[in-house]
Amino acid sequence: LDIMENQLGEYKKNFIIDFLGGIQSDNPLDNSKLILNRVEELRSIGFSIIVHPVQFIPPVEYDKELSKAEIIPGNITFLFNRFSSYGKTKETGLPFAMIKVAKPGILPYSYPLPVEISSSTLRYHDFNDLARILISLITDRQSVIDLKINALANSKHFSPDVIYNQIVAEN
């Protein structure tokens, strides 16, 4: 949120941030009250931010909303631990979400990334790097179009027919 205010202010009419999945009040790593106050501050100066005030969004609704995204960003800090379920918890599910809805992503370099989606994923080192990437995407719409084309092609690597043919070829 600080990036938005400090580095993206002049572009605030050019994008919407959707905290799909909600801001969890029961997550000890999220200070939900602080985050929600920050969201209200940013809304008051013209940023468009959507927050879902629910603990759980049903999968059909989640997928419908996610498919509206142009790009799926990943947290700069993420936690893989014994409670993580690969492909299901927030951080581990990013590649699956990107593939499922055929959307590009922006992930930190430290995030393990399947090679099949690398051409539709931008990587960043820190917040300044992330801000630079976001500004580039906002000001160069063709780069977003190109990433979306790559994401669609990449998602086809995971179609049932492709996976079936890979399995058959290996046996």
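Student: What should I keep in mind about the model and its numbering before reading any feature?

Tutor: The model is predicted, so that local features need pLDDT of at least 70 and side-chain atom pairs count only at pLDDT 80 or more, while totals for chains, interfaces and linings use all residues. Residues are numbered from 1 along each chain as its sequence is written, and side-chain values use heavy atoms, with hydrogens and water left out.

Student: How many salt bridges are there?

Tutor: Side chains of opposite charge can pair when their charged atoms come close. A salt bridge here is a side-chain nitrogen of Lys or Arg within 4 Å of a carboxyl oxygen of Asp or Glu, and by this rule the count is nine.

Student: Which parts of the chain does the pair R38 and D2 link?

Tutor: R38 and D2 meet through their side chains in a salt bridge at 2.9 Å, N to O. The pair links distant parts of the chain, with R38 in helix α2 (residues 32–44) and D2 in helix α1 (residues 2–7), 36 residues apart. Helices (H or I, at least four residues) and strands (E, at least two) are DSSP runs, numbered from the N terminus.

Student: Are R38 and D2 buried or exposed, or in between?

Tutor: Buried means under 20% relative accessible area, exposed over 50%, and partly exposed in between, with a 1.4 Å probe and protein chains only. R38 has 15% relative accessibility and therefore counts as buried, whereas D2, at 47%, counts as partly exposed. Both residues also belong to a network of salt bridges that links D2, E5, R38 and E41.

Student: Where do R141 and E70 lie?

Tutor: The side chains of R141 and E70 form a salt bridge at 2.7 Å, N to O. This pair, too, links distant parts of the chain, since R141 is in helix α6 (residues 141–155) and E70 is in the loop between α3 (59–66) and β3 (72–73), 71 residues apart. R141 counts as partly exposed at 41% relative accessibility, and E70 counts as partly exposed at 32%.

Student: How many residues separate D129 and R132?

Tutor: D129 and R132 are three residues apart, about one turn of the helix, and both lie in helix α5 (residues 127–139). Their side chains meet in a salt bridge at 2.7 Å, N to O, and D129 counts as buried at 11% relative accessibility.

Student: What is the phi of A102?

Tutor: Most residues other than glycine have a negative phi. A102 is not a glycine, yet its phi is positive, at about 55°. A102 is found in the loop between α4 (94–100) and β4 (105–108), and its 18% relative accessibility is why A102 counts as buried.
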